[in-house]
Amino acid sequence: MLDETKKEIELLFEIAHASASKGDYHQAINIYNKIVKVNEKSTPAWIAIGHCYSMLGDNYNALANYQQALTITPDSQVIYSFAENRKS
């Protein structure tokens, strides 16, 4: 990944995290989605999207994003527990 792209992604993570910290989960999801468009293997972004959906009470989309993270990092017990907690 180019240094410029890496810096852009880091900045997007900071902005998305700030949005989520203020409770603006929809905005955070939009920004995290920009990250996964550039790097679809960004486990932290998929997890963060899942967390945002979870905070919005949308367990269906939270689970879908945690499962996407698990396809990238299948041995993560932490992600697995997030996903299990969102199953109905």
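How do the axes of helix α4 and helix α5 cross, and within what distance do they come? I put this to a predicted model, and I noted that the axes of α4 (residues 59–72) and α5 (residues 77–86) come within 9 Å and cross at roughly 155°.

I then looked up the hand of the crossing between α4 and α5, which is left-handed. On the α4 side I listed N59, A62, L63, Y66, A69 and L70 as making the contact, and on the α5 side I79, Y80, F82, A83 and R86.

Next I turned to helix α3 (residues 43–55), where T43 has its place. Is T43 buried or exposed? I recorded T43 as buried because its relative accessible area is 12%, which falls under the 20% cut-off. Leaving aside residues up to four places away in sequence, I saw that T43 touches A69, I72, T73 and I79; A69 and I79 are also listed in the contact of α4 with α5.

For α3 as a whole, I noted 13 residues and a reach of 18 Å from the first C-alpha to the last, close to the 18 Å expected. I counted 10 of its 13 residues as buried, so α3 is largely enclosed by the rest of the structure. Among the buried residues are W46, I49, C52 and Y53, and the cover over the buried residues of α3 includes α1 (3–21), α2 (25–38), α4 and α5. My last entry is G57, which follows α3 and has a positive phi near 80°.

Conventions: Residues are numbered from 1 along each chain as its sequence is written. This is a predicted model: local features need pLDDT of at least 70, side-chain atom pairs count only at pLDDT 80 or more; totals for chains, interfaces and linings use all residues. Side-chain values use heavy atoms; hydrogens and water are left out. Axes are lines fitted to C-alpha atoms, for helices over the stretch in contact, and angles run from 0 to 180 degrees between N-to-C directions. Helices (H or I, at least four residues) and strands (E, at least two) are DSSP runs, numbered from the N terminus. A crossing is left-handed if the near helix is turned anticlockwise from the far one by less than a right angle, and right-handed if clockwise. Contact means heavy atoms within 4.5 Å. Buried means under 20% relative accessible area, exposed over 50%, partly exposed in between (1.4 Å probe, protein chains only). The expected span of a helix is 1.5 Å times one less than its number of residues.
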